Amino acid sequence: MPTDSRLPRVLHVLLHLDQTEDPVTSDQIGQMLMTNPALVRRVMGGLREAGLVSSSKGHGGGWYLVRSLTEISLADVYAALGSPQLFAVGPSSDNPSCLLERAANKATGNALEAAKLVFNTELEKMTVAELVRPHAQTIKAHQRQRNPSTE
């Protein structure tokens with residue numbers, strides 16, 4: 001089963017949007033993520049509906065943050081993506097009338113719900129801005145190397 005990497009990829013995009021003053025086009029985001037701009041627009045549209053980003057059309061247009069990254073939790077982003085399924089494990093439906101299958105489904109279902117609760121609780125604890133704090137010095141050094149004239 002393929003993994004769903006939208007959450008870390010979108011977090012990556014939000015961090016870049018925070019670093020730029022100008023709107024970023026779907027083409028630019030697509031190049032950064034090595035994906036199709038139409039897919040970028042679809043995913044970013046969900047973030048727009050959640051009030052995290054907006055976009056402007058025309059020359060100089062593109063995607064930009066509406067809220068500060070200090071106000072956006074990882075849980076907000078996960079919800080904006082439609083809360084993708086976390087695990088490939090799911091209930092069995094081979095014999096729905098079998099009490100033993102029901103018992104197995106209930107036990108695994110309860111464990112999955114507990115895991116989802118822990119996952120969501122962890123996402124709620126952290127803002128997108130906090131993702132870069134452990135790496136702030138390294139990021140600044142990298143930016144100085146790329147743009148020595150900004151010192």
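1. Ser83 counts as partly exposed, at 39% relative accessibility. The model is a predicted one, and every value below is computed from it. Ser83 sits in the loop that runs between helix 4 and helix 5. The backbone there deserves a look: phi of Ser83 is near 50 degrees, a positive value in a residue other than glycine. For background, most residues other than glycine have a negative phi.

2. Met34 also has a positive phi, of about 55 degrees, and is not a glycine. Its place is the loop between helix 2 (26-33) and helix 3. Is Met34 buried or exposed? With a relative accessibility of 76%, Met34 counts as exposed, because the cut-off for that class is over 50%.

3. Next, the packing of helix 1 on helix 3. The axes of helix 1 (residues 6-19) and helix 3 (residues 37-49) come within 12 Å, and they cross at roughly 70 degrees. Helix 1 is therefore roughly perpendicular to helix 3, because angles of 65 to 115 degrees fall in that class. Which residues meet in this contact? From helix 1 come Arg6, Val10, Val13, Leu14 and Leu17, and from helix 3 come Val43, Met44 and Leu47. Sorted by class, the contact of helix 1 with helix 3 holds seven nonpolar residues, one charged residue and no polar ones.

4. Gly46 belongs to helix 3 as well. This glycine counts as buried, at 18% relative accessibility, because the cut-off for buried is under 20%. Gly46 and Ala80 are 34 residues apart in sequence, yet their C-alpha atoms are 5.6 Å apart in space.

5. Helix 5 covers residues 99-125, which is 27 residues. How far does helix 5 reach from its first C-alpha to its last? The span is 39 Å, close to the 39 Å expected at 1.5 Å a residue. The buried residues of helix 5 are Glu101, Leu112 and Leu123. Among the elements that cover these buried residues are helix 1 and helix 4 (74-80). Note that Glu101 is on the buried list, and that Glu counts as charged.

6. Ser73 is in the loop between strand 2 (62-65) and helix 4. With a relative accessible area of 12%, Ser73 is buried. What does Ser73 touch, leaving aside residues up to four places away in sequence? The contacts are Leu123, Glu124, Met126, Thr127 and Val128. Leu123 in that set is itself one of the buried residues of helix 5.

7. How many aromatic pairs does a search of the whole structure find? The search finds one. Tyr78 and Phe119 make up the pair, with 5.3 Å from centre to centre and 75 degrees between the planes, which is an edge-to-face arrangement. Tyr78 lies in helix 4 and Phe119 in helix 5, so the pair ties together parts that are 41 residues apart in sequence.

How values were computed
Residues are numbered from 1 along each chain as its sequence is written. This is a predicted model: local features need pLDDT of at least 70, side-chain atom pairs count only at pLDDT 80 or more; totals for chains, interfaces and linings use all residues. Side-chain values use heavy atoms; hydrogens and water are left out. Axes are lines fitted to C-alpha atoms, for helices over the stretch in contact, and angles run from 0 to 180 degrees between N-to-C directions. Helices (H or I, at least four residues) and strands (E, at least two) are DSSP runs, numbered from the N terminus. Angles under 35 degrees count as roughly parallel, over 145 as roughly antiparallel, 65 to 115 as roughly perpendicular and the rest as oblique. Contact means heavy atoms within 4.5 Å. The expected span of a helix is 1.5 Å times one less than its number of residues. Buried means under 20% relative accessible area, exposed over 50%, partly exposed in between (1.4 Å probe, protein chains only). Rings of Phe, Tyr and Trp (its six-membered ring) pair if their centres lie within 6.5 Å; planes under 30 degrees apart count as stacked, over 60 as edge-to-face and the rest as tilted.
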